[in-house]
Amino acid sequence: MAAPRSVVVDMARLLRDEDAAAASAAKGAEEDSPNGKRPKPDRFPLSRGELAVFVGVFFFFTAGLYCIYKTMPAAEYGRIKLPRTITDLRVLKDDLSMYAKEHPAKFILGYCSTYIFMQTFMIPGTIFMSLLAGALFGVIRGLFLVVFNSTAGASSCFFLSKLIGRPLVSWLWPEKLRFFQGEIAKRREKLLNYMLFLRITPTLPNLFINLASPIVDIPFHIFFLATVIGLLPASLITVRAGLALGDLKSVKDLYDVKTLLMLFLIGLLIIIPTLFKRKRIYE
């Protein structure tokens, strides 16, 4: 009677082993698949040391910004707030226009510091700062200020991400990072063209490009040139729109279908050399 019992026990154990093996194989296939999504870990990705670096850099920038703001007259300092709507922006423009005329150097210092701070730490609202530049300084000076601050802020974000960004980007956008890494690997010889395409067109968010570029080993000089040149078209559109704040109802009005098609056309003209290069390689 012992033999049948042993057979039943062995069969049950075998079935359990097969189920476990099937579950393990399915999990491995999902992780190996390029379309498979890995669940984000519950634990915050930054270590204590990386978090300390971020807090230290943030405190340093915040202290500098506070010192610059305190040089402004109390009346003007009390009116400053980051705009979140076109209406907020109109009010801010009316409040600061006289101060910008009477104290242009101090105002530009405060404006640039705020813009770079927001860009470095990924604070939403830089598009309103670009509109404000057009409203207060006109097209030429406004465009120069926007491109300068956008490039400086993006560069600060690049180096901050180089210090502590890898675990954070891998945690937030794992699939997008793998896609970006693959595209960069295929276009190493014409990397500047591809980066210009990304900067000019809204294919990938600028925030993601700033954070992910050092992680996928994009050289800083390529990143810098692509940022300076690639942001010119969109910055020009935004600065020109700032001249007519009264006619602007929403930020969405800045990029209509015609404007987006024009940006993509410019981007395609820039990326065509990389497509021909890949075609010759395959042939």
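A: Let's start with a word you will need: helices (H or I, at least four residues) and strands (E, at least two) are DSSP runs, numbered from the N terminus. What you see is a predicted model, where local features need pLDDT of at least 70, side-chain atom pairs count only at pLDDT 80 or more, and totals for chains, interfaces and linings use all residues. Residues are numbered from 1 along each chain as its sequence is written, and side-chain values use heavy atoms, leaving out hydrogens and water.

Now to helix α10, which spans residues 220-230 and supplies 3 residues, the largest share of the nonpolar patch. The patch itself is formed on the surface by F224, L225, I229 and L232, which together have about 320 Å² of accessible area. Such areas come from the Shrake-Rupley method with a 1.4 Å probe, and for residues only the protein chains shown count as cover. Like charges are joined within 9 Å, and nonpolar side chains (Val, Leu, Ile, Met, Phe, Trp, Tyr) within 5 Å.

Take L225, which is found in helix α10. L225 counts as partly exposed because its relative accessibility is 39%; buried means under 20%, exposed over 50%, and partly exposed in between (1.4 Å probe, protein chains only).

Next, look at D217, in the loop between α9 (206-212) and α10. With a relative accessible area of 54%, D217 is exposed. Its backbone has a feature to look for too: phi of D217 is near 65 degrees, a positive value in a residue other than glycine. M122 also has a positive phi, of about 60 degrees, although M122 is not a glycine. M122 lies in the loop between α5 (104-120) and α6, and is partly exposed at 31%.

For a contrast, visit N149 in helix α6 (residues 126-172). N149 is buried, since its relative accessible area is 0%. Leaving aside residues up to four places away in sequence, N149 touches Y111, C112, Y115 and I116, where contact means heavy atoms within 4.5 Å.

Finally, confidence: pLDDT is the predictor's confidence in each residue, from 0 to 100. The chain's mean is 81, with 78% of its residues at 70 or more. Confidence is highest in α10, at 96, and lowest in helix α1 (residues 2-32), at a mean of 44.

Notes: Patches are made of residues with over 30% relative accessible area and no salt bridge: like charges are joined within 9 Å, nonpolar side chains (Val, Leu, Ile, Met, Phe, Trp, Tyr) within 5 Å. A salt bridge is a side-chain nitrogen of Lys or Arg within 4 Å of a carboxyl oxygen of Asp or Glu.
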